[in-house]
Amino acid sequence: MSNVDLLLPLLIVVPILAATLPIALGLRYDWTGWPVAAITTTGLFAAAVALASVVYTDGQVIHTLGGYPRAYGIELVADEFSTPIALLVTGVAAGVLAYTRRGGPRGNTFYTAYLLLTGGLLGISLTGDVFNLFVFLEITSLATYALVASGDGPESAVAALKYLILGTVAASMYLIGVAFVFMATGTLNMVELASAIPAAERPVLIRAGFAFIVVGFAVKVAQWPLHTWQPSAYQQAPDGVTPLIAALVSTASAYAFGRLIVTVFEVEYLAAMPNAAPIVLTVGCVSVLAGTALAVIQTEVKRMLAYSSVSQFGLVIAAYGVVIAGNSETALIGAAIHLVGHGLLKAGLFLGAALVTASYGARTVDEYTGLAKERPIAAGAMAVLLLSLVGVPPGVGFVGKWYIALGAVESQIWPVAAVIFLSTMLTLAYAARLLEKMYFTPPTAVERPHAAEPVATDGGDAGTDDSDTTDSGFDDEGPAAAAIRDGGRATPDAVSAGMIAIVVVAALGAVALGFAGGTFAELLEPFLTEVIN
Amino acid sequence: MIELLASRYTYALLFVLLGVGLYMMIANENLVKKLIGVNLFQTAIFLFFISMAYVEGGAAPIVPHEENPGEVLVASPLPQVIVLTAIVVGIALTAVGLALIIRIYSEYGTLREDTLREVRSDE
């Protein structure tokens with residue numbers, strides 16, 4: 001395959017062009033959105049797999065757009081660090097899309113925004129140019145604002161506007177940073193910048209640029225105290241959309257920040273820069289603690305998981321701090337694994353939460369009572385995901401944390417290791433609360449005003465669908481359906497076997513990735529030796 | 001200091017504009033004005049890029065092909081291209097923001113953030 005570099009522009013251009021199709025075809029035919037989106041995302045996933053197989057056998061793939069040299073042209077690069085992110089983006093996009101066929105929001109405009117988001121995220125992960133990174137960040141953000149605002153009720157519009165204002169400021173901060181760096185060096189290409197930055201005549205411009213970039217990404221990645229947009233955005237977004245944006249949008253931004261640190265500014269230069277490492281470390285560590293502490297006190301499941309994201313991304317940023325301060329390869333491996341692993345975990349958890357809401361209307365932790373009896377498979381998958389999030393060994397959450405903590409200890413940065421330990425305890429606190437409700441709280445007789453009546457036939461013929469179990473046991477078993485807020489719209493029948501299967505696949509993937517941690521580290525090796533001496 | 005300001009006054013002015021935009025975004029209760037603040041903030045950045053590319057005595061970056069091009073002093077075209085792209089992004093953002101504001105207005109009947117907060121806490 002000599003033309004494998006053509007995959008890079010195709011991965012970005014195809015979803016963005018395909019985004020126009022649902023609306024254009026929708027003028028004439030109904031229900032074209034889902035097939036178009038399904039074909040596109042499946043194709044993208046296949047392309048990302050093909051790309052990954054090339055990257056991990058032959059090294060990085062570069063495509064120069066229009067054939068212009070990189071000094072003033074634009075490059076797309078896939079290397080060992082960006083390929084896992086591209087795989088995660090396409091994989092989660094395909095999985096969540098399969099879920100939305102039955103469960104999620106529908107309509108052609110939804111699929112347009114969905115494909116636009118996927119294209120923007122792939123752009124972030126594959127671009128080799130700092131200004132293009134800004135453009136793709138904004139494409140992603142625009143699609144995210146639209147998706148958040150498509151939730152039911154006016155609250156979602158307020159959450160989206162808040163996100164829009166903060167997100168725009170963040171992207172603008174990043175653009176100012178790019179302006180300063182461009183002023184000092186005169187180039188925008190990441191590889192060119194890496195050699196131009198240490199040679200810059202006025203390092204103060206570079207420092208100012210880095211400071212603006214840190215602030216911009218702290219908002220985009222939702223770091224404390226700049227995280228306030230995120231819980232309301234995740235909570236108000238439609239249930240089928242939250243898994244996608246929670247798993248991918250901040251992950252892609254965090255990846256971009258890491259890319260800037262290791263490839264553009266380079267670890268050695270940043271280590272010599274006064275206060276760069278302490279600031280990144282502090283932002284990360286404080287976010288870890290603040291995020292978990294806030295997650296513990298939440299009563300709504302989606303909000304709790306959103307605050308948990310604040311803390312998990314804090315871990316990644318803290319790992320970047322360790323990379324800068326300690327020149328640590330191990331911490332970078334940890335950050336990469338945690339980015340991918342957390343993306344998968346959050347996608348699965350939010351899908352699980354969406355599934356429970358779709359079937360019982362349950363949104364708060366208390367309403368999850370007795371879920372294990374009513375939906376053993378979904379509850380089991382969610383339990384695996386939650387334990388993996390805490391960091392119980394076979395799960396991927398453990399591997400990421402392990403590498404980050406190991407890197408911190410190797411670099412003698414003990415506070416980070418302590419913070420990781422403490423946050424694990426706190427993560428256990430909120431995960432255990434949910435597990436306890438699902439498995440161990442005896443169901444109490446709570447009035448169920450809107451619950452569906454058990455069907456007369458008892459539905460016992462086709463035993464394949466999980467919802468049958470639910471129907472037959474509806475009278476005597478726990479009331480996960482205790483409070484149905486949505487006026488009886490949610491019924492156990494709203495959940496298909498396919499929707500449950502996707503959550504289970506996410507859980508299995510999280511465990512499998514946990515076992516593959518060592519392989520993953522080996523695959524990253526060529527990249528690490530290149531950027532860290 | 002004075003000398004610096006005299007030679008770099010555009011940068012100083014642009015960062016004042018940036019501050020005005022930021023202040024407007026934070027302090028103004030009206031949602032539309034907040035969005036105008038966002039626009040001011042972005043515009044300041046665009047102008048920063050443009051003034052950065054300014055070359056004393058430089059011509060527009062259109063190189064006449066009869067003369068020897070190496071000797072022509074031109075402004076760098078790259079920041080201007082960047083700003084064109086960024087303006088497009090900014091317009092798209094403003095459009096989405098205004099659409100959201102229209103939705104909020106039709107649902108809550110107010111554009112003021114403080115009133116909005118009261119209405120939402122009542123629910």
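A salt bridge here is a side-chain nitrogen of Lys or Arg within 4 Å of a carboxyl oxygen of Asp or Glu. By that rule B:Glu113 and B:Arg117 qualify, with their side chains meeting at 3.4 Å, N to O. Keep in mind that this is a predicted model.

Let me stay with that pair for a moment. B:Glu113 and B:Arg117 sit 4 residues apart in helix α5 of chain B, so about one helical turn separates them. B:Arg117 is partly exposed, at a relative accessible area of 49%. B:Glu113 is also classed as partly exposed, at 26%.

What else does B:Glu113 form a salt bridge with? The partner is B:Lys34, and the closest N and O atoms are 3.5 Å apart. This second pair links distant parts of the chain, since B:Glu113 is in helix α5 of chain B and B:Lys34 is in helix α3 of chain B, 79 residues away. B:Lys34 is buried, with a relative accessible area of 6%. Taken together, B:Lys34, B:Glu113 and B:Arg117 are linked in a network of salt bridges.

There is another pair to mention. B:Asp114 and B:Arg112 meet through their side chains in a salt bridge of 3.3 Å, N to O. Both residues are partly exposed: B:Asp114 has 26% relative accessibility, and B:Arg112 has 40%. Over all chains, a search of the whole structure finds 5 salt bridges.

Now the interface. How many salt bridges are there between chain B and chain A? The count is 0. Polar contacts across this interface come to 2 residue pairs, both at pLDDT 80 or more.

As for extent, the two chains bury about 2900 Å² between them, and 85% of that is on carbon and sulfur atoms. Of the area that chain B buries against chain A, 19% is supplied by B:Leu93, B:Leu100 and B:Arg103, more than by any other three residues. The contact involves 35 residues of chain B and 30 residues of chain A.

Which elements give two or more residues to chain B's side of the contact? They are α2 (9–27), α3 (31–52), α4 (77–108) and α5 (113–122) of chain B. The largest share comes from α4(B), with 16 residues. By type, the residues on the side of chain B that touches chain A divide into 27 nonpolar, 3 polar and 5 charged.

One side chain in chain A next. A:Thr83 is in helix α4 of chain A, residues 82–102. Is A:Thr83 buried or exposed? A:Thr83 has a relative accessible area of 1%, so A:Thr83 falls under the 20% limit and counts as buried. A polar atom of the A:Thr83 side chain lies 2.6 Å from the backbone oxygen of A:Asp79. Leaving out residues up to four places away in sequence, A:Thr83 touches A:Ala52, A:Val55, A:Tyr56 and A:Ala78.

Last, confidence. The model scores ipTM 0.90 and pTM 0.86. Chain B averages a pLDDT of 83, and 92% of its residues score at least 70. Among the elements of chain B, α3(B) has the highest mean pLDDT, at 90, while helix α1 of chain B, residues 2–7, has the lowest, at 76. That is what I have; questions are welcome.

Note on methods
Residues are numbered from 1 along each chain as its sequence is written. Chains are lettered from A and ligands numbered from 1 in the order in which they are written. Side-chain values use heavy atoms; hydrogens and water are left out. Contact means heavy atoms within 4.5 Å. Buried area is the accessible area (1.4 Å probe) that two parts lose on being put together, summed over both. A polar contact is a pair of N or O atoms within 3.5 Å; within protein, one must be able to donate a hydrogen and the other to accept it, and residues adjacent in sequence count only if both atoms are side-chain atoms. Ala, Val, Leu, Ile, Met, Phe, Trp, Tyr, Cys and Pro count as nonpolar, Asp, Glu, Lys and Arg as charged, and the others, Gly among them, as polar. Buried means under 20% relative accessible area, exposed over 50%, partly exposed in between (1.4 Å probe, protein chains only). pLDDT is the predictor's confidence in each residue, from 0 to 100.
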